[in-house]
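Please read the numbered points with the sequence and the model at hand.

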Amino acid sequence: MSNNEIKTSRRTVLCAGAAAVAAVGIAGRAVAQEKIDKSIVMYQDKPHEGQQCDKCLQFVAPNSCTIVAGVISPTGWCGAFAPKP
Ligand code: SF4
């Protein structure tokens with residue numbers, strides 16, 4: 001392998017690595033932006049008819065949700081409530 005071939009292959013590897021890092025960064029932002037705004041799902045900071053976030057499949061302790069953006073109270077509720085089995 002010549003010096004030029006080594007430089008070219010090293011550049012190819014570095015470019016591929018940079019592209020992969022950029023793709024992960026973009027994907028991470030996309031995931032973060034996919035969360036729903038509280039107003040769309042009528043989020044409230046209090047329970048609703050015995051349902052509350054800490055009894056929902058989407059709740060992530062201590063205070064977030066996999067689908068709704070922002071700080072989520074364990075005793076909050078929204079229209080996307082899905083009971084834990
Ligand atoms: S009730 Fe709504 S905000 Fe609360 S955890 Fe479930 S989906 Fe998230």
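1. The average pLDDT of the protein is 78, and 61% of the residues score at least 70. Over residues 12-26 the pLDDT stays under 50, and the model has 0 contacts beyond four places in sequence for that stretch. Where pLDDT is low, the predicted coordinates should not be read in detail.

2. Overall architecture. The protein contains 1 helix and 2 strands, which follow one another from the N terminus in the order α-β-β. Helix H1 covers 3-33 and strand E1 covers 59-60, while strand E2 covers 64-65. Of the 85 residues, 12% count as buried. Among contacts between residues at least 6 apart in sequence, 62% join residues at least 24 apart.

3. The nonpolar core. Which residues make up the largest nonpolar core? This core has 9 residues, namely Tyr43, Cys53, Cys56, Phe59, Cys65, Val68, Ile72, Trp77 and Cys78. One of its members, Ile72, is in contact with Cys53, Phe59, Asn63, Ser64 and Cys65 when neighbours within four places in sequence are left aside.

4. The ligand has 15 residues around it, of which Cys53, Cys56, Gln58, Cys65 and Cys78 come nearest. The shell comprises 13 nonpolar residues, 2 polar residues and no charged ones. Cys53, Cys56, Cys65 and Cys78 are also listed in the largest nonpolar core.

5. Cys53. This residue is placed in the loop between H1 and E1. Is Cys53 buried or exposed? Cys53 is buried, because 24 C-beta neighbours lie inside 10 Å and the threshold for burial is 20 or more. Beyond four places in sequence, Cys53 touches Phe59, Cys65, Ile72, Ser73, Pro74, Thr75, Gly76 and Trp77. For the pair Cys53 and Ser73, a sequence separation of 20 residues goes with a C-alpha to C-alpha distance of 6.9 Å.

6. Cys56. The loop between H1 and E1 also holds Cys56. Cys56 counts as buried because 23 other C-beta atoms lie within 10 Å. Its contacts, apart from neighbours within four places in sequence, are Phe81, Ala82, Pro83 and Lys84. Cys56 and Trp77 are 21 residues apart in sequence, with their C-alpha atoms 8.8 Å apart in space.

7. Ala82. One partner of Cys56, Ala82, belongs to the segment after E2. Ala82 is exposed, because there are 12 other C-beta atoms within 10 Å and a residue with 12 or fewer is classed as exposed. Leaving aside neighbours within four places in sequence, Ala82 is in contact with Cys56, Leu57 and Gln58. A distance of 9.6 Å separates the C-alpha atoms of Ala82 and Gln52, which are 30 residues apart along the chain.

8. Thr66. What does Thr66 contact beyond its neighbours within four places in sequence? The partners of Thr66 are Gln58 and Val60. Thr66 sits in the segment after strand E2 and is exposed, with 12 other C-beta atoms within 10 Å. Thr66 and Ile36 are 30 residues apart in sequence, and their C-alpha atoms are 9.4 Å apart.

9. Backbone geometry to inspect. Most residues other than glycine have a negative phi, and most peptide bonds are trans. The peptide bond from Ala61 to Pro62 is cis, with omega near 5°, and Pro62 is in the loop between E1 and E2. Met42 has a positive phi, near 60°, although not a glycine. Another residue other than glycine, Glu49, has a positive phi of about 50°.

10. Met42 is exposed, with 11 other C-beta atoms within 10 Å. Glu49 counts as exposed too, because 7 C-beta neighbours lie inside 10 Å.

Terms used: Residues numbered from 1 in each chain as written. Predicted model: local features only at pLDDT ≥ 70, side-chain atom pairs only at ≥ 80, totals over all residues. Near = placed C-beta within 6 Å. Nonpolar A, V, L, I, M, F, W, Y, C, P; charged D, E, K, R; others polar. Helix = DSSP H or I, 4+ residues; strand = E, 2+ residues; numbered from the N terminus. Contact = placed C-beta atoms within 7 Å. Core = buried A, V, L, I, M, F, W, Y, C linked by C-beta atoms within 7 Å. pLDDT = per-residue confidence, 0-100.
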